[in-house]
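Open your viewer, load the model and keep the selection panel handy. We will go from one selection to the next, and at each stop I will say what is there.

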Amino acid sequence: MSALATSLGVSATWAPVVSVRDLRVRFVTREGTVRAVNGVSFDLVPGEVLGILGESGSGKSVTLRALMGLLSGDRVRVEGEMRVAGFDIGRLTEAQTAALRGRTIAMIFQEPMLTLDPLYTIGEQIEETVIRHEHVTRQTAHARALELLEMVQIPGGARRLKAYPHEMSGGMRQRAMIAIALSCRPAILLADEPTTALDVTVQIQILLLLRRLQRELGMAVIFVTHDVGAAVEVADRLAVMYAGRFMEMGPMDAVIRSPRHPYTQGLLASTVHGSFHDHRVEAIPGMPPALIELAPGCPFAPRCRYVEDRCVATDPPDRSVGADHVARCVRASED
Amino acid sequence: MTPTPLLSVRNLTKHFPVKSGLFRRTLGVVQAVDAVSFDVLPGETLGVVGESGCGKSTTARLLVRLTEPDSGEITFDGAQIGGRDGPSLRDLRRRMQMVFQDSYASLNPRLPVGMSVAYGPFAHGLHRAEALERAAMLLEAVGLDPARYAHRYPHELSGGQRQRVNIARALAIEPRVVILDEAVSALDKSVAAQVLNLLVDLKERFQLTYVFISHDLGVVRYLSDRVLVMYLGKVVEVGPVSEVWAHPRHPYSRALLAAMPTMDPSRRITEALLTGDPPNPINPPSGCRFRTRCRFAEEVCARREPPLRMLDATDHAAACHMLAPDTGHSLAGGGAEQVGQAPAVGPTR
């Protein structure tokens with residue numbers, strides 16, 4: 001890392017550990033240009049957990065992929081500035097980005113079966129990762145793999161190292177994937193819906209595990225989810241994403257207890273929780289906009305009950321609505 | 001006064017053999033649904049919850065005979081399905097319809113959605129014009145303007161709109177019971193809420209009875225009157241939803257409810273009551289199937305299977321050795337009230 005830092009002439013300043021300014025991602029398709037991310041900015045300090053809450057197509061996973069340097073090709077346009085541990089992701093070569101992955105930034109996904117290699121045992125995959133990044137002997141890597149399995153609470157360590165992914169249950173595979181992601185002790189963990197495919201009793205185990213590991217290892221985490229409940233369990237700060245934008249961002253309690261953007265309010269009201277059917281859920285009418293022909297103005301305006309002329313005319317700016325709490329709405333104000 | 005059940009299920013069983021190798025030898029048996037009994041009352045919503053592999057979807061398919069049961073009886077409105085004087089399969093499907101999770105796979109991609117909705121009534125003997133008229137009425141009822149949507153193809157609609165079409169299609173032949181198998185699970189929260197509200201409205205308007213299957217406990221609580229908790233092919237607890245939520249009695253129900261995120265920043269979950277994943281339904285544990293994950297498991301739990309017993313006067317029943325006296329469990333008799341060995345569960349006693 002330090003060698004890489006020197007070669008790029010960057011001093012590795014660690015606060016903030018991730019800094020994103022006006023990130024925009026477009027995909028060029030036959031049907032038109034899909035505007036997946038439309039101006040996202042945020043900072044992440046070491047040891048902080050940022051939850052990104054959004055529905056499908058809101059751009060939350062694309063944001064993570066951009067940060068991981070996974071978006072490339074002729075049909076993808078990435079604009080804006082992304083700094084990870086001081087490095088400007090947009091200006092790194094493929095090899096330099098690869099060097100960042102694993103040791104500085106790592107990612108876990110919703111579906112471990114797509115990430116794990118079905119032809120190798122869990123042990124081989126963890127050892128491979130450790131050897132590639134840290135150039136240690138196989139013996140050291142093996143000891144490390146055992147340690148990692150214990151850390152992610154996979155019982156029967158030595159025997160489990162010999163298991164192939166298909167021999168493990170969904171929860172165990174998710175733990176194995178976490179073990180691989182953490183094998184080189186990254187400073188930043190990107191988690192893309194890691195508990196969505198799991199049963200509720202398994203989901204809570206994984207959430208508790210991630211929370212514990214985050215604390216013990218002091219990692220910064222970006223946790224992307226569509227599940228308000230999961231976000232509340234892990235996040236320190238919460239960003240609510242819609243049509244490729246952060247509509248609201250603030251301390252998790254503040255966003256959940258006093259949401260200030262009409263979309264956040266609608267999303268929380270339409271999440272059925274702790275209510276019986278004697279009172280109705282408040283649904284948001286309509287559906288999210290198509291990202292191909294995104295009209296100017298607030299993207300939530302067509303579904304918003306408070307819509308005014310000025311919402312459609314121009315894009316609303318971020319407004320401060322409290323300590324470290326912003327909402328992108330013309331009506332939002334401090335009180 | 002207790003109403004007569006509209007749908008009554010007794011000892012419903014379905015085992016799937018697992019075969020492999022050159023000679024297709026049977027390697028094991030998935031006991032997907034094992035001696036399951038329950039009632040569905042007219043006009044109620046019975047929620048069915050449980051984790052993957054618990055048999056909730058197989059139960060749904062057995063109810064509408066998309067899968068043939070190995071054994072057990074299903075009685076609809078007092079007449080046994082498949083019995084000599086009972087309704088035929090065709091009659092059954094007319095009275096019971098199902099909505100699936102995958103809204104796209106359940107619609108014919110080459111048929112405009114209006115035709116898809118009209119197809120059922122047409123096949124059941126309505127004239128073409130009448131069937132199309134009914135389709136238009138139902139699209140209207142599910143909130144899709146027939147003038148705008150009837151001629152569209154499934155791929156031209158959003159997931160939420162397609163699920164509305166599936167609901168309209170299920171209602172097109174005027175069923176009395178609609179089985180909803182994870183019907184809102186694939187939808188985004190804001191859209192799922194619209195469909196849930198729609199289901200509540202339609203139930204009232206068309207006097208429907210629902211069996212609502214979901215892994216999402218919040219949604220089940222919202223929609224259901226009574227709830228059935230399943231684990232590895234068995235019913236472990238059944239009762240009024242408010243009662244089960246307030247006082248879950250089976251250790252599995254308790255763990256399941258405790259694992260549900262609170263959505264309250266000041267009440268984050270600090271401990272998981274269950275460790276590990278649900279076990280493989282192939283060759284499940286002897287005795288009580290939950291015992292391998294239960295913190296109260298004792299020797300008796302491996303030896304004998306606990307029957308489902310009525311607990312108190314609120315139609316609440318659970319299958320656990322701790323809840324009945326003299327079972328040999330050291331914590332036995334925790335206020336449970338024995339009602340014999342009758343497998344029947346429900347308000348009829």
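Predicted model: local features only at pLDDT ≥ 70, side-chain atom pairs only at ≥ 80, totals over all residues.

Residues are numbered from 1 along each chain as its sequence is written, while chains are lettered from A and ligands numbered from 1 in the order in which they are written.

**Stop 1: chain A as a whole**

Select chain A and colour it by secondary structure: there are 13 helices and 12 strands. Helices (H or I, at least four residues) and strands (E, at least two) are DSSP runs, numbered from the N terminus. The C-alpha trace spans about 65 × 55 × 45 Å along its principal axes.

Of the 335 residues, 48% count as buried. Here, buried means that 20 or more other C-beta atoms lie within 10 Å of a residue's own, exposed means 12 or fewer, and partly exposed is in between, with C-beta atoms placed from the backbone. Among contacts in chain A between residues at least 6 apart in sequence, 64% join residues at least 24 apart; a contact needs C-beta atoms, placed from the backbone, within 7 Å.

**Stop 2: an open sheet in chain A**

Next, show the 4 strands ordered E2-E1-E4-E5 in chain A, an open sheet with antiparallel pairing. Two strands pair if DSSP finds at least two bridges between them. At the edges are E2 (32-44) and E5 (87-88), each pairing on one side only. Now zoom in on E1 (residues 18-29) and E4 (residues 76-84) of chain A, an antiparallel pair with 8 bridges. Ser19(A) is opposite Arg83(A) in E4(A).

**Stop 3: where the chains touch**

Bring chain B into view: 37 residues of chain A are in contact with 35 residues of chain B. On the chain A side, the elements giving two or more residues are helices H8 (170-181), H9 (200-217), H10 (228-234), H11 (252-257) and H12 (262-269). Which one gives the largest share? That is H9(A), with 6 residues.

**Stop 4: helix H6 of chain B**

Select residues 159-171 of chain B, helix H6, whose end C-alpha atoms are 19 Å apart; this agrees with the 18 Å that its 13 residues should span at 1.5 Å a residue. The expected span is 1.5 Å times one less than the number of residues. Is H6(B) mostly covered or mostly open? It is mostly covered, with 12 of its 13 residues buried. The covering elements include E6 (96-99), H3 (113-123), H4 (128-141), E7 (177-181) and H7 (189-205) of chain B.

**Stop 5: strand E9 of chain B**

Finish at residues 226-231 of chain B, strand E9: 6 of its 6 residues are buried, so E9 is largely enclosed by the rest of the structure. Arg226(B), Leu228(B) and Met230(B) point one way, and Val227(B), Val229(B) and Tyr231(B) the other.

E9(B) pairs in the parallel sense with E3 (residues 45-49) of chain B over 4 bridges, where Gly47(B) stands opposite Val227(B). With E10 (residues 234-240) of chain B, E9(B) pairs in the antiparallel sense over 6 bridges, and Met230(B) has Val235(B) as its bridge partner in E10(B). E9(B) and E10(B) form a hairpin with 2 residues between them, and Leu232(B) in the turn has a positive phi of about 45°.

Terms used
Contact = placed C-beta atoms within 7 Å.
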